[in-house]
Amino acid sequence: MNEKTLRALVDAGAVKCVRIIANGGLFHIEADIPNGHVTASTFKGAVKTWRPLDTAAKWAHSLGLGAAQINIAKWQPGQKGLDLQ
C-alpha cells in the first residue's frame, strides 16, 4: 500500500497496529487494518524499505503514528544488499 493510501487510513483511524520488521539489513513496515494487514510500498508497487531503523521510524511518525512494534528477530546489521544491476 503506497504512502498516500496508508496516510488516509491513519487519518481515518483504520490502522490498529504498526510493525517495523527487520529482514537482513533492511526494515519494512506492516500495518494492521480491519480486514487484514498491508505492507508499505512505493508508488511502483515494490516493498518500501529502509536501511537504518531510525529512518523507518521517522517515516512512520510522519504518517501521524505515535507507536510501533519493532521486530528484529531476522536483523543482520552488517549484511550488505545485492547489487543486481
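The following questions and answers concern a predicted model of one protein chain.

User: In what order do the helices and strands of the protein chain run from the N terminus on?

Analyst: The protein chain has 2 helices and 4 strands. From the N terminus on, these elements follow the order α-β-β-β-α-β.

User: What radius of gyration does the protein chain have, and how compact is it for its length?

Analyst: The C-alpha trace spans about 40 × 25 × 20 Å along its principal axes. For 85 residues the globule rule gives 12 Å, and the radius of gyration of the chain is close to that, so the chain is as compact as a globular protein of that length. The radius of gyration is 13 Å.

User: Which element supplies the largest share of the largest nonpolar core?

Analyst: This core has 18 residues, and Leu6, Val15, Val18, Ile29, Ala31, Trp59 and Leu65 touch the most other members. At least two core residues come from each of helix H1 (3-12), strand E1 (17-23), strand E2 (26-33) and helix H2 (53-62). The largest share, 4 residues, is that of E2.

User: Which residues does Val15 contact, leaving aside its neighbours within four places in sequence?

Analyst: Val15 is one of the core residues that touch the most other members. With those sequence neighbours left aside, the contacts of Val15 are Leu6, Leu9, Val10, Ala31, Asp32, Ile33 and Leu65.

User: Why do the buried residues Ala56, Trp59 and Ala60 count as being on the same side of H2?

Analyst: Ala56, Trp59 and Ala60 are buried in H2. They lie on the same side of H2 because the arc they cover around the axis is only 100°. On the other side of H2, Lys58 and His61 are exposed. The buried residues of H2 pack against H1, E1 and E2.

User: Which residue just after H2 takes a positive phi?

Analyst: The phi in question is about 105°, a positive value. The residue, placed just after H2, is Gly64.

User: In which sense do E1 and E2 pair, and what is the bridge partner of Val18 in E2?

Analyst: E1 and E2 are joined over 7 bridges, and the sense of the pairing is antiparallel. Their hairpin has 2 residues between the strands, and Gly24 there takes a positive phi near 70°. In E2, the bridge partner of Val18 is Ala31.

User: How many bridges join E1 to strand E4, and which residue of E4 is the bridge partner of Ile21?

Analyst: E4 covers residues 69-71 and runs parallel to E1, with 3 bridges joining the two strands. E1 itself is mostly covered, with 6 of its 7 residues buried. The partner of Ile21 in E4 is Asn71.

User: Is His28 buried or exposed, and what is its relative accessible area?

Analyst: His28 lies in strand E2. Not counting residues up to four places away in sequence, His28 touches Arg19, Ile20, Ile21, Thr39, Val47, Lys48, Thr49 and Trp50. Buried means under 20% relative accessible area. His28 is therefore buried, since its relative accessible area is 16%.

User: What percentage of the residues of the protein chain count as buried?

Analyst: The accessible surface of the protein chain comes to about 5700 Å², and carbon and sulfur atoms hold 55% of that surface. Of the 85 residues, the share that count as buried is 32%.

User: Among contacts between residues at least 6 apart in sequence, what percentage join residues at least 24 apart?

Analyst: The pairing of E1 with E4 joins strand E1 (17-23) to residues 69-71. Among contacts in the chain between residues at least 6 apart, the share that join residues at least 24 apart is 53%.

Notes: Residues numbered from 1 in each chain as written. Predicted model: local features only at pLDDT ≥ 70, side-chain atom pairs only at ≥ 80, totals over all residues. Heavy atoms only, no water. Core = buried A, V, L, I, M, F, W, Y, C linked by side-chain atoms within 4.5 Å. Buried < 20%, exposed > 50% of the residue type's maximum accessible area, 1.4 Å probe, protein only. Contact = heavy atoms within 4.5 Å. Arc of directions from axis to C-beta. Pairing = 2+ DSSP bridges. Rg over C-alpha atoms; globule rule 2.2 N^0.38 Å. Areas by Shrake-Rupley, 256 points an atom, 1.4 Å probe, with all protein chains shown as cover.
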